[in-house]
Amino acid sequence: MTAAITLDTASRLGGLVCGVTSPGRPALTELGGRHGPFVRERVVEHGAALLSGYQWADWDDLDAFVKHIVGAPLDYTERSSPRTELHPGVFTATDHPPTEEIFLHTEQSYNLTVPRYLFFFCERDAPEGGASLLADCRAIHDALPREIVQRFDEEGYLLVRNFLPGLGLTWQQAFGTEDPDQVRRYCADNGIEVEWLAEDHVQTRQMRWAVATHPETGVKTWFNHMTFFHSSSLKKDLAELLLEEYGPWGIPTNTFHADGSEISQDIVEALHAGYRGHQLDVHCRTGDVLIVDNLSVAHGRAPFVPPRKLFVSMADALSWARLRPVERTALPGGGPAGHTG
């Protein structure tokens with residue numbers, strides 16, 4: 001007979017993270033099988049949960065645990081970050097260089113269907129640096145100047161991406177296909193304008209919402225990629241070089257007001273201050289599992305000294321149509337916001 005698993009929980013980082021431990025280092029899969037609903041409830045209540053001291057060894061363990069908590073892992077579509085798929089539904093957290101910070105963001109909030117939960121599995125923590133950066137998007141929403149929140153809540157924002165050789169992901173990597181017709185079909189189905197400006201230069205333009213309502217708690221949250229994809233999130237020297245060479249509409253990613261006008265410097269500074277003012281560092285140690293409610297909490301990464309091994313799974317697909325009030329389920333400017341479900 002398998003011994004019962006005792007859970008010890010503690011509120012951390014001002015209540016944003018629920019720490020979960022158990023005596024005796026039980027298997028992660030046993031924790032999920034016995035206490036999956038309890039763990040998920042803590043993630044929703046706090047925004048994130050950090051599980052420490054549980055045993056896991058292979059991909060099957062991670063896959064089984066995710067299924068116990070929320071269901072089967074999702075694929076990674078309409079990509080913006082270089083990742084390597086290690087097992088179906090399990091990816092490297094990112095392949096960005098370790099010397100670079102990854103700014104706070106909510107995973108795939110620019111898609112019409114978004115992952116509700118993120119699972120970060122730490123197989124090996126870095127000898128120096130590498131903290132997971134978290135920020136409460138509910139608090140950011142409430143702290144930003146009301147005129148900024150109201151405008152973007154009502155109008156949404158415009159995301160422009162350019163896929164160019166040698167600059168970020170290619171369109172083949174982003175959309176997972178070599179077939180332009182498949183890209184066109186995907187874009188047509190997902191509210192994206194796509195244009196081949198040259199044989200090797202593809203531009204996409206998509207209107208997206210900036211504010212979501214959490215489907216369980218009813219709390220409004222600042223849920224978008226507007227700051228992450230804005231040119232101001234690049235290193236200053238790089239941003240100046242790219243803008244001079246390609247202009248604001250030609251760089252790999254940039255965001256604008258819904259009418260296509262540039263976002264003013266004072267708004268950009270307020271957005272950055274909103275994220276930075278709520279940023280908290282979580283140090284995942286070897287064996288730890290960090291679960292994030294993607295709708296409530298933004299995540300990022302501090303630079304680190306290798307080696308470091310962190311894997312990610314995404315789960316529980318959720319349509320934007322469930323994240324907006326009924327009267328605003330269309331995309332900004334018109335068009336469907338995705339299938340309900």
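Helices (H or I, at least four residues) and strands (E, at least two) are taken here as DSSP runs, numbered from the N terminus. The structure is a predicted model, in which local features need pLDDT of at least 70 and side-chain atom pairs count only at pLDDT 80 or more, while totals for chains, interfaces and linings use all residues. Residues are numbered from 1 along each chain as its sequence is written, and side-chain values use heavy atoms, with hydrogens and water left out.

Two strands are said to pair if DSSP finds at least two bridges between them. On that basis 8 strands make up an open sheet with mixed pairing, and their order is β1-β2-β3-β17-β7-β20-β5-β4. The edges are held by β1 (8-12) and β4 (85-87), each of which has a single partner strand, so one side of each is left without a neighbour in the sheet. From one strand to the next the twist averages 25°, where axes are lines fitted to C-alpha atoms, for helices over the stretch in contact, and angles run from 0 to 180 degrees between N-to-C directions. Within this sheet, strand β5 (residues 90-92) and strand β20 (residues 309-319) run antiparallel and are joined by 2 bridges, with Phe-91 standing opposite Val-312 in β20.

Two helices pack on this sheet, contact meaning heavy atoms within 4.5 Å. Helix α1 (residues 28-46) touches β1, β2 (17-21), β3 (48-51), β7 (113-124) and β17 (289-293), and its direction makes about 145° with that of β3. Helix α2 (residues 59-69) touches β3, β4, β5, β7, β17 and β20, its direction making about 140° with that of β7.

**The four-stranded sheet**

A further open sheet consists of 4 strands in the order β6-β18-β9-β16, with antiparallel pairing. Its edge strands, β6 (102-105) and β16 (280-282), each pair on one side only. Neighbouring strands of this sheet are turned by 25° against each other on average, direction ignored. Strand β9 (residues 132-136) is paired in the antiparallel sense with strand β18 (residues 297-301) over 5 bridges, and Asp-136 stands opposite Val-297 in β18. Helix α8 (residues 265-277) lies across β6, β9 and β18 and runs at about 90° to β6.

**Strand β12 and its partners**

Strand β12 (residues 201-208) is mostly covered, since 7 of its 8 residues are buried; buried means under 20% relative accessible area, exposed over 50%, and partly exposed in between (1.4 Å probe, protein chains only). Strand β10 (residues 157-163) runs antiparallel to β12 and is joined to β12 by 7 bridges, among whose residues Tyr-157 has Arg-208 in β12 as its bridge partner. Strand β11 (residues 192-198) also pairs with β12 in the antiparallel sense, over 6 bridges; a hairpin through 2 residues joins β11 to β12, and Glu-195 stands opposite Gln-203 in β12.

**Salt bridges**

A salt bridge is a side-chain nitrogen of Lys or Arg within 4 Å of a carboxyl oxygen of Asp or Glu, and by this rule the count comes to 15 salt bridges. Some of them are listed here.

| Salt bridge | N to O distance |
|---|---|
| Glu-41 and Arg-42 | 3.9 Å |
| Arg-138 and Asp-136 | 2.9 Å |
| Glu-155 and Arg-151 | 3.1 Å |

Glu-155 and Arg-151 both lie in helix α4 (residues 146-155), 4 residues apart, which is about one turn of the helix; Glu-155 is partly exposed at 33% relative accessibility, and Arg-151 is partly exposed with a relative accessible area of 31%. Salt bridges that share partners also join Arg-40, Arg-116, Glu-216 and Asp-293 into one network.

**A nonpolar patch**

Patches are made of residues with over 30% relative accessible area and no salt bridge, like charges being joined within 9 Å and nonpolar side chains (Val, Leu, Ile, Met, Phe, Trp, Tyr) within 5 Å. Leu-234, Leu-238 and Leu-241 form a nonpolar patch of this kind on the surface, with about 260 Å² of accessible area together, the areas coming from the Shrake-Rupley method with a 1.4 Å probe and, for residues, with only the protein chains shown counting as cover. Leu-238 belongs to helix α7 (residues 236-246) and is partly exposed, at a relative accessible area of 40%.
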